[in-house]
Each structure stands twice: as C-alpha cells, then as structure tokens.
Amino acid sequence: MDGAGGAHPDGSDDLPADPVLDGAHPHGYLLVTTGTTPPEDVLRWRSRHDLVPGATLYLHPRTVLSCEPGATGTVVLLGHPVDVAAGITDGPRIASRLVGTWDLRGDDALVREAAELGGRWTLLAASARQEAGPVHGSDLLVVPDAHATQPVFSAVRGDRLALGSTPALVAAALDLPVDEGALALLARLRERRTGAVTYLPGRLTPYTGLEPLLPNLLLRVELGGRPILRRDRFWPWRERVETEDVSAIYAAFRERLTAHTGLLAGLGRPAVSLTAGTDSRVTAAVARQALRARDGFAFTYVNPRDARNGRAAMADVTAASSVAARLGLPHRVLRWRAPSEGGPFDVLHRRTYAPLVPSRGAAHAMWADLPRDLVQLQSNCAESGTTFYRRRSAEPLSPLRLTRIMMNATEGHEDLAEDLFGDYLDFARMTPDRLLGHDHHDLLYWEQRIGRWGWQKFTDGDLGHRILLPFNDRVLLETMLSLPYPLREGKVLFERLFAEVPAARVPTRTVTLGESVARSVSGRIPGRLGRAVGGRIERAVTGRARRSDHGRLAWARGYALLPPPELPVPSGWDRTPLPGQLLTLFTYPALPHALRQAGRSWVLVLGEPVGVEEGLVGAAAVAERLASVLATAPLHEVKAAAAVLAGSWVVAVSTPGASVVLTDPLVSLGAHLTPDGRGVVSHATLAGALPTEDPAAGLLSSDEVAVTTGPLGLAPLARVPLGGSVDLADLAGAAAAAGLTRADRLRCHVRLLRDRGPVWLGLAGDAGSTELLGLLVGGEGDDGGGGDGGAGRTVTPGATALTWWDRLAPDQGAEPVFAAAAAAARVGATHRVVGVREDVDGTDGSAGRAARAQARHALATTWGVRVTPSGPGAADEVIPLGDVLDQVLPRTGVLWLGAVPRRPRVLGASGGAPDASRPATRDLVQGVRQVVLPFSDRLLDLLPEG
C-alpha cells in the first residue's frame, strides 16, 4: 500500500475485510478464568482452552502464538520473541528451549533466560499441578519483555481473573468501573504540563481495581478458589559493574544491536521510523543493509500545523529525508491527520484505548498510509541505556522525589505526590537493596516513561502493522548502562557509530570562508577584542560573497536584445554586437548562446534547446541546423523548425526581408518587447517596467511570435499568432504517420538529456513531475527503443526526487509534499524533502539567514515582487529556492522539472501566456543549477499516446 491512499475514506486501499476486528487491541490477548463472560471485542478471536488450566486464552487475529508443553508445565509466548545470542526468531523453537530450562532448573532460570530475549513478547508459564499444588510454586507465571512493550493488565473480581493486553479488555471482562479519580488526576497533569507527554504514572490505571505489570517485574498467579496475584521484581539480578573501557563496550554494543536489528528486520518488510533524533538515526544506520535487501524504507509523519508553529517538526522531516537519502533508503512523509468520525479507525482506536482517547493523528497516518505487512523498527527505549532524566541528585526516593523527577522539576508538586506515587515504591519493590547499584533515574524512565506511556506509542503502530524495537533488549541495555553517566549522557556509543557510518549524521550548512576565519581569529585572540576582529573579518568576507550571490541570482539566465540607445543592463553581463550593428546582445554569463550567419541573414539561439527527432542538444547544434535551413529554405520553414524544438530557448532569425523572434512553449527564458518595440528582453524589469505596471503588456506568449519587416532592430516588432504561420497539427500528423508516439518522443528527449549530470527531479505531486518520476526511476531498464521498454520507462542511476516545502504555507501548501512522497514510494525512489526557510538541518543560523536574505533581494530585484521573510502575508510571498539547491544539490547536479505548458497552445488561442506577475518554479531555481524541462515541447501532446 502506498501513502497516496486509496478507495477507503480513511485513506487506505488495502483494508482487511473487517478493519475493526483486525485493528482493535492489535496483537492482543485476554486470559479469563472459567465463569467469566468474554467481552464482545474478543468473541470472534481465536480461543485456546488447553494452555492454562481453568482459563481460556483469547487471541487477536494477528497475535502470534508459540507454545510448548514440558514435563512440568506449558510455556506460552505471545508475540515475536528473538533469541539474539542464538540468532533465532522461530517462536516454537524458543518456547521449546525455555520449557526445557524450566523443567530442569525451575522458575528463576526460566525467568532469567526469557528476560534476555529480544523482540516483543509476553510469557505465560502455566505449571502442571500435583496433589500438593502447582509443580513450580504458582499456577501461572507471567513475564513481560524488557520494557513490557506488550503490556499486561490484570484484575481479580470475586473468584474471577482477567489478564489482558489493554485496560479496556480486562475492564470489560470483569465489569470494572472507570476510576474517575484517576482520570481527574490525569486532567490535572495535562493542565500543568501543557504540550508535554502525560500519562497515568505509578500504578494508576483508568479502571478501579485494574493493575499494570511494570517492566522488570513478574506476576505470579494462584488460580485455586479466589485468584491471588503477587508481583515481584526480578531485575536487576546482579550488581552493576561500571567500566570506562569505551572501546570494549562499543564493540559489544555494536555487535548486539546489529544482530538484534537484523533479526527483527527479517520478520517482515522492514521500515524505520526516522526523525532528526539521534536514536532513530542509529537504528537506520545499523538497519540500512537489511532495509535495502528487503525492499525497506524510512518514514516520518508530520502535522503541517506543527511545522508552521516551529522548526522542530519541520527539521524532523528534512533531517530524516537527508539521512535516508545518504543511507540509500527510500523515504516517505506521512501526513498526521485526524480520522473521520465514526469511520473504521475511529471505532477501533476508541475500543483499544477506552475510556481514554490519546492523540491519534500519528496513529491514523500510519494505519492509513503504511503497508499491512510492515515491520516497523522503532527506536524508543534507547534512552534507557543512555539518559533521559538529567536533573539528578542523591536525594532519597520518596513519592515527592518521584513526582518531581517525572515533572522535570526541583520544587513544588507536593499536592500531587501521594496521589501519583503514594505506594509506588512498595508496589515496584524499588528499594536501593533491590536496584543493585543501578541509578533510580534510569529505572524510573525505563519502568514508568516507557512502561506506562510507551505501550500506547507501540500500540499505535500495531493498529495497522507491527512495531518491533531494536533497543528492547536487556543484554544490550546492561551493556550500555555499564558506562559512567557522563559518557552515557554524551551518547559516546552513538557518536562512535556515526563515525563509522557518517551518512547517518544530519548534514549541516558548509561554513563560509568568512565564518571559518572569524572563528579562528576569535579562538586565538581572547575576549572582546578577538570577537570584534573576528566579526569584522566575517562581515567583510561574507559581504563580498553575498554581493557575488546577488550577481549570480539576479536576472539569472537573463538576456537583452537591444537597439541603441541601450537600456541599462546588469553589470558583468556578456556583450555581443550582432551582424548589421542594429542590435547588441547582452547575456547573463552562464546563459548558453550561439550565433550563426547565412549570407546577410543570421540565427541566434539562446538557452538549451533540444531537437528531439534529430538528436540535437544545445544552442550551438541547433543554431547550425537552423542556419542550414535558412540558407536553403524560406523563413516560414525556419520558423516551423524552431517552433517544434523542445527544451528551454529563444530563437531570433533576422533576414533582409523579414525577421522573427519565438520562444519555447513555456516561455521559460521570458520574452518582453522593449518600450520602442525594437528589442526583446528576458524580464519586464529589464524593459523598464515597474512592479505596479502590467508586466504582461509586452510579454510574448507561447502562442505568439514577434515579427517585423526587414532585419531585426530596424523596425518595431509585432506580436502575431504562431498558428498563422506554423501548422503544428499538420507537423504532428506527419510525425505520427511515420510511427512517432508521444511516449517515443518523451523517452527520446529524456534519453538525450539524462547524461548531463546527476539527476534531481523536482517532484511536486503534479502530473508532469510524477510522469517524469516513472520515466527516470520507475522502470526496469532501457529497452533501447522498439519494444514497450516497461511502458516506455528508463532508469537513470542515481536519480533523486526533491520536494521543497514552505512550512509557513497553509495546510494545502503541504499537500504536494505528501503526494510527492507517496509517488516516490511507489517506485522506490530516493526522495529528499527540504525546507525553504531554514538550513538543511532545520536550523536558522546567521549564515543561512544572510544567504536567504540575499536570495530574496535578488528575486525582488529581478521581478519586483514582495518577498517578506515572514509575517501575516507569508503565505502569499514568493520564496527563492536558490539557497535550498545550493545546500542540497551537487555542483554538477541537474534539476528536472515537470512544468507543462498551458493549453490550448495552437492557432493563437488564449492560455498560452504564463502569469508574468509572479515567477514560476523554473524562474526561482535558475542561476543555481542546470534546469531541464522535458515537457517544454509543442508537439508532445499532439501525438498519439503510444
């Protein structure tokens, strides 16, 4: 399934037959004793009566069950256990090994062996009974995985027991009432921690009588008569030994994390939930090879509203996008969004989380937009091995101390302490003698933040697919926790991994020469003097660089054909007198151009035209061809030969009897008549037009040509319909009669241009760029013509799709980002998303601000448009893209755009002229990199599809 969505209103095109049955309480279970009426939610689940004596186990349709009977009982594993040391992911094999250990060595050995498993699982060990009672001391032993990521909630009411994966299941089985006091307390927490993560801590749950099983604790159940539940801490079981041997710890960490991640990735089609955060980039670095081998990808979800309100949400997308591209992984961007009320997701989500309904936009995005066969590698739990709570003290544990740690406070909250953690220390057996040298700050994050809040985050993904966690591995965490706290806080293990895999680092803006020199001076000269001298050097060097940027970006790829007296043109432009001394050509230095004479006539070609059928590329080759036609044929044939050129160009033909100027169908270089009508310039501002004037007044549209009697520059030019002298339909008909199709012509055009440099496709979710995506990166190979070639597709090695995003735009402004991400995902293309208002890593440093300010200044100079950087009118402003491309594209990169000419474009019909008051995308990127416009072709859409 693709992120584009499908037929279903919630955006999914591969929903199961019953999405509520498939999604509610995902990968869940419910164990109830005899005499308990199962709740409606589990009636269509699988059931087993033979695993736990006197009880029935109900299993969600997607819950994986592995069980193995032994001499003294049965071991049941629910979920996906992974024996990292043995390299085993086969649940029955793992269950068999565990039951053997249990039979031979008892409860403690079973618990310790199970506790060192990776993956996500819940262990139920049902003991056989003798006359004196159970063989192993209790009828049922329940052990969660390292972080209790498959939660265990339990309750006893009378002589009935229920034990399940969500609070709602247990409550419904035993008719437990909602704990209104707990819900009121949660509301108070949310008031005090607006915008922060909030959850019911300690042993609180939303139902009276319902208890959670915390990580590192186990549950013993006596089933005879009234069930009895006893909780006990089983970890840590050995004293923490600290070491500063980072190299040894890193080697063990790297080996274990790589092994665990590889095993998890083999359980389905893998994907990494990727953000700008360190933890997820570590996972991506370790998993990259497994992801590539199994059609995996990375994804990030984002709420456009959050991106508007701050850079952090935007940085998650752009940083993840850049890291994924550097690691060679496709990247999807999912839109965080609320579900439709009463729709399948709304129903299944409410059933899962009743009576509370947590934030659901991210869960809905994943459910609606990600494939059902996915194994999502989620990077939570890493901070159990590094650090989360950083305000640390040796103050003895108490309910108030626990409350302040949770609230990230050093004082206050006395009114909450008893309600939140009054009996927690006894409940969790959290005493210094039981912690064996482990820091309670670390365990509070592990057992509370992850154990009490994290399960909801993992369930959010389980609603549609399966989340697995590389850091949910006790052996790995013990390895990480053996380092001293300062090294863990500095994430020294992660930094070593990034040194090995630098592609996982978020790229940053290259430091300018001025900044480098300034920093050097500031470092060598102490105090205020060093800062002052450094600042002066930086301003001087940066100022020259910015002036150079303005010259590069203002009137980029511009030109002026001017008769005397000449209008002012930008300094530094090339100057070429034309034959006859009636006109002078002024060109932006990087604008290709070629002049060819044919007797007393001449042909001038500007830009990068493409003669598709003849295989001609570039101004020089096309000028030679047109000059040869001019030497032997009348002017109208030259005009016809020029009109069917593809690419980005302006052609001027001057003869003693008549002359003509015409442009490509996108008018991509611009063509404005000067006030006296004798010259042509690229931009209205070069013709002396003011921003308040009508910039289209002298604009030559794609449906027109400018003609005059005599040589160019002698008499004023007049705008006349192109269709009056060039029969495009007849030319297309002749080409079609020779067997040429639209697909043939477009494929040939792409083939001619794809070797100009690394391909970067400006993917905007529109029809044109989406079609180019299929041609460039979506096929199986180039068939060299002839056959269908995979529907005419051609693979371009190393092609990258690029989408830019103005985070301050309204929600609809973000839609092209999500559409582009979905389109790229469909063909497995590398896709980059970049922001236009910040640096590539999401920051807004001084160098970036200066570069963007200069780009805005150049844009305003060129077009006379408003380019305010922010404020109420930000949604209407024109944003230069030069700084974005400078940061992302290599210098040799070529930007392909899917711009399609306006229709109709023949016989002078209206619609051919672009909006001359605002620059198009192709105008915003020129002057920075080469630009390719494959749809700038008058014949293309007149040919049969083919």
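The dialogue below goes through the predicted model feature by feature.

Q: What is the average pLDDT of the protein, and where does pLDDT stay under 50?

A: Where pLDDT is low, the predicted coordinates should not be read in detail. In this predicted model the average pLDDT is 89, and 89% of the residues score at least 70. Residues 1–13 stay under 50 in pLDDT, with 40 contacts beyond four places in sequence. Residues 904–912 also stay under 50, and the model gives them 26 such contacts.

Q: How many helices and strands does the protein have?

A: The secondary structure comes to 31 helices and 36 strands. Of the 946 residues of the protein, 58% count as buried. Among contacts with a separation of 6 or more, 70% are between residues 24 or more positions apart.

Q: Which residues of helix α12 are buried?

A: The general idea is to compare relative accessible area with a cut-off: a residue under 20% counts as buried. In α12 the buried residues are Pro-399, Arg-401, Leu-402, Thr-403, Arg-404, Ile-405, Met-406 and Met-407. Because 8 of its 9 residues are buried, α12 is largely enclosed by the rest of the structure. The elements covering those buried residues include α5 (180–192), α13 (414–421), α14 (424–427) and α16. After α12 comes Asn-408, with a positive phi near 55 degrees.

Q: Which residues of helix α3 are buried, and what do they pack against?

A: Helix α3 covers residues 107–115, and its buried residues are Asp-107, Ala-109, Leu-110, Val-111, Ala-114 and Ala-115. They pack against the strands β5 (73–82), β6 (118–127), β9 (140–144) and β13 (217–222), and against the helices α2 (91–105) and α17 (474–481).

Q: How many aromatic pairs are there, and how are the rings of Phe-388 and Tyr-445 placed?

A: To read a pair, look at the distance between ring centres and the angle between planes; under 30 degrees counts as stacked and over 60 as edge-to-face. The count comes to 13 aromatic pairs. The rings of Phe-388 and Tyr-445 have centres 4.7 Å apart and planes at 25 degrees, so this pair is stacked. The pair links distant parts of the chain, 57 residues apart: Phe-388 is in the loop between β18 (374–377) and α12 (399–407), and Tyr-445 is in helix α16 (residues 440–462). Phe-388 is partly exposed at 27% relative accessible area, whereas Tyr-445 is buried at 4%. Tyr-445 also forms an edge-to-face pair with Tyr-389, at 6.4 Å centre to centre and 80 degrees between the planes. Tyr-389 lies in the loop between β18 and α12, 56 residues from Tyr-445, and is buried at 7%.

Q: Which peptide bonds are cis, and which residues have a positive phi although they are not a glycine?

A: Most residues other than glycine have a negative phi, and most peptide bonds are trans. Among the cis bonds here is the one from Ala-354 to Pro-355, with omega near 5 degrees; Pro-355 is in the loop between α10 (344–353) and α11 (361–369). The bond from Pro-564 to Pro-565 is also cis, with omega near -10 degrees, and Pro-565 lies in the loop between β20 (559–562) and β21 (574–577).

Asp-295 has a positive phi of about 60 degrees and lies in the loop between α7 (278–293) and β16 (297–302). Asp-295 is exposed, with a relative accessible area of 51%. Lys-491 has a positive phi of about 50 degrees and lies in the loop between α18 (485–489) and α19 (492–500). At 14% relative accessibility, Lys-491 counts as buried.

Q: Is Thr-674 buried or exposed, and which residues does Thr-674 touch?

A: Thr-674 counts as buried, at 6% relative accessibility. Thr-674 lies in the loop between β28 (672–673) and β29 (680–681). Beyond four places in sequence, Thr-674 touches Leu-562, Leu-567, Gly-679, Val-680, Val-681 and Ala-687. The side chain of Thr-674 also makes a polar contact with the side chain of Asp-676, at 2.7 Å.

Key: Residues numbered from 1 in each chain as written. Heavy atoms only, no water. pLDDT = per-residue confidence, 0-100. Contact = heavy atoms within 4.5 Å. Helix = DSSP H or I, 4+ residues; strand = E, 2+ residues; numbered from the N terminus. Buried < 20%, exposed > 50% of the residue type's maximum accessible area, 1.4 Å probe, protein only. Polar contact = N/O pair within 3.5 Å; in protein donor to acceptor, adjacent residues only side chain to side chain. Phe/Tyr/Trp six-rings, centres within 6.5 Å; stacked < 30°, edge-to-face > 60°.
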